[in-house]
Amino acid sequence: MRAIAPLFALCLLVLSGGWISAAAQPVSRPAQTATPVSAGPRQADNIEAELVSLSQWAAPGSTVVVAVRQEIAPGWHTYWRNPGDSGGPTTLDWRLPPGVKAGEIVWPLPSRQRLMSLVNYGYSGEVYLPVPIEVPASARPGTVLPLTADVLFLVCSDQMCVPVQMSLRLDLPIREGAPPLNPDHGAALEAVLAAAPRPAGIEARATLIDGVLTLSATGGPLSAALADGEPTQAVFYPFEGGVIDHAAAQSGQTGPNGLSLRLIAADDLKAKGLNGPISGVLATDAGAWEITARPGPVLAGAAGGRTLSGEVETPAPAKTGLMLILQSALFALIGGLILNLMPCVFPILAMKAAALAASAHDAKTARRDGLLFMAGVLASFLVLAVVLLVLRAGGEAIGWGFQLQSPAVIAGLALLMLAVGLNLSGVFQVGAGVQAVGAGPLSRLPGGVGAFFTGVLAVVVAAPCTAPFMAVALGAALLMPWPAALLVFLMLGLGLGLPYLAVSLSPGLLRRFPRPGPWMDRLKGLLAFPMYGAALWLVWVFSRQTSAEALALFLAAALMLAFGLWLTGVNQTRRGEGGTAVVSAVAAALAIFFTLCFAGLAASRAQPPANGSEAGPLAAAPWSAEAVGAAQAQGRPVLVNFTADWCVTCKINERAALSSPRVAEALQAANAVYLVGDWTRRDDAITRELERHGRSGVPLYLLYPASGGEPRILPQLLTEGVVTDALQTARTPNPAP
């Protein structure tokens, strides 16, 4: 990413003139001093969960089965140990009394869940995840063992995913003797354990030829099943990702001693080759078993019989994927329209106003400029979308506004804004011919090419912003196939450029503009100052990302750029008067050369800033998943602010809604913890957290209630009242002093 960022910065300058998928194993640890967690079920919007036991009690020195029972809302699902093409498995972090040990989850057989071109492995409805718990022989009959599990679910529908964190508790009685089944859940849990895949002495081999992975299995329970005319269906679920193409069809055949499956290898396996065993679950209509297939030729007696069909699936209605794409595209269009009102885009309004004023009374020119402005916006969004999707496909954890995490890009944009401001101030002209210099204000305004690059600049300036609706649309787009994702980005660009295009195509509105005159030069000079303001803001962002030495070098680059452009203006004036301007041309070229040298040195001196938590005057601590968990364990609400110094909307929210005495008092009254996730520079943990909440960029504001459970997502445009009201509903009944 570091190597790509400078190249991306250069591209911008040329254009404008830039889950926890590893299945975490259960962890046992001694109980910690914290606010006790109440036993019983916990409820979130889309899932209810509790700890339940197979038996009514546990005997000293025995192993008892305790399960996380999930009741998942219709239309939603959670995930298996290997989630498939997307998602993340349920993870458990146990807090147990001394001597008590928790084993690994006994994963039930999942179902295949298809969403467009993706296939995931997961569960819906009622689900039990059993875990064996070892009770020490020293446990005293008549006592109770408090078992607590911090559980993280990823609960998803066809349209969004919500991480849900719960602390579940079960008070397990200790008694002598063999315990009976739990009357409420014992029978169901017993059935889950009986059907769960287990190793069964099946011999297996894996063969990889021309991208086709053949799994052959013989012996064990397969022999008995074949004698009874089974199986007729079979499917393989790998324990790890990157082994097979999950969405590809699986076919197979039986033999006298077993069966074989023909699978399409994943790209990772094709690239690396078959260098070790492959483990997973072989599921058939005669049973499901864990197998480990070592590399080798197809086993004898595993083929040549009847054909096996893959897992029977009920295809999702075709309209589901289409509806998701259409909804995301609509949200992107609305978000793009709202983006015109976001603070990030205010500087570009100067360019739009000047262009509209210039062509207001020339309908043909106005139409041309409107269409070319829209073309510039759409082309820039397309380029940005392709870069973002390519990087994400390569494994980079990035999101919307990722380019602004690079000091090189920030430096390039700041110099670009300075150049635009100097152009509007009349220091130099873009595209002015020798005879056109001094011919009047109209000749200094951009033409069709200028309208196109004004659209490019609008996208560059809008990059730090996310608007309502836009965040949801981009979060979904990053999980879609490429064609659908590009459609969403183009709809976002259409929304951004649509108001300008509508005005340029409306003769009635254009006639309301005053006719061109000397006032236009004064307007251009006035509109230069928002561009200077944008340049100063980017300098401040650069200073936050780098060292004092880098800032000094960058300021030298800005000085040389201003000097070089002033010399360019002198050269243009001299040539317009019919004179020669060799000295000024050479001096201008040297100044621009030194500008690039100083800017390059400044970017190369960039250093990660020290860890901090500044986001307004409220007392804050840096965000981490551990900090959220620790605060929730104490029964305290948690307000999380994901922000970045280059996000203008974030800074306005922090000044307007997160810095007032009323908000500080509300935080104290609620006994709340305030955490800040700073995304100014790249942080993969924050990127993943944004994605879990369906977002691709900042700002994002989360409020975790004191009672635990999933957070509430606050609006992207905050007010003091929104924050204080939310804290009031999340406060503890009796806040600690």
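Before I look anything up, I note my burial cut-offs: buried means under 20% relative accessible area, exposed means over 50%, and partly exposed lies in between, with a 1.4 Å probe and protein chains only.

**Ground rules.** I'm working on a predicted model, where local features need pLDDT of at least 70, side-chain atom pairs count only at pLDDT 80 or more, and totals for chains, interfaces and linings use all residues. Residues are numbered from 1 along each chain as its sequence is written, and side-chain values use heavy atoms, with hydrogens and water left out.

**Whole chain.** I looked up the overall make-up and found 20 helices and 26 strands. Both are DSSP runs numbered from the N terminus: helices are H or I with at least four residues, strands are E with at least two. Of the 737 residues in the chain, 51% are buried.

**Asp 210.** I went to the loop between strand E14 (203-209) and strand E15 (212-218), where Asp 210 sits. Its phi is near 55 degrees, which is positive although the residue isn't glycine. Asp 210 counts as exposed because its relative accessible area is 77%.

**Asn 671.** I found another positive phi here, near 55 degrees, again in a residue other than glycine. Asn 671 is in the loop between helix H18 (661-669) and strand E24 (673-678). With a relative accessible area of 13%, Asn 671 is buried.

**Glu 689.** Is Glu 689 buried or exposed? I get a relative accessible area of 7%, so Glu 689 is buried. I placed Glu 689 in helix H19 (residues 684-692). Leaving aside neighbours within four places in sequence, Glu 689 is in contact with Trp 623, Phe 642 and Tyr 704; contact means heavy atoms within 4.5 Å.

**Ala 300.** I looked in the loop between strand E20 (287-295) and strand E21 (307-308) for Ala 300. It counts as exposed because its relative accessibility is 65%. Which residues does Ala 300 touch, not counting those up to four places away in sequence? I found Thr 218 and Asn 257. I also checked Gly 255, which is 45 residues from Ala 300 in sequence and 8.5 Å away in space, C-alpha to C-alpha.

**Asp 267.** My last stop was helix H4 (residues 267-272), which holds Asp 267. At 59% relative accessibility, Asp 267 is exposed.
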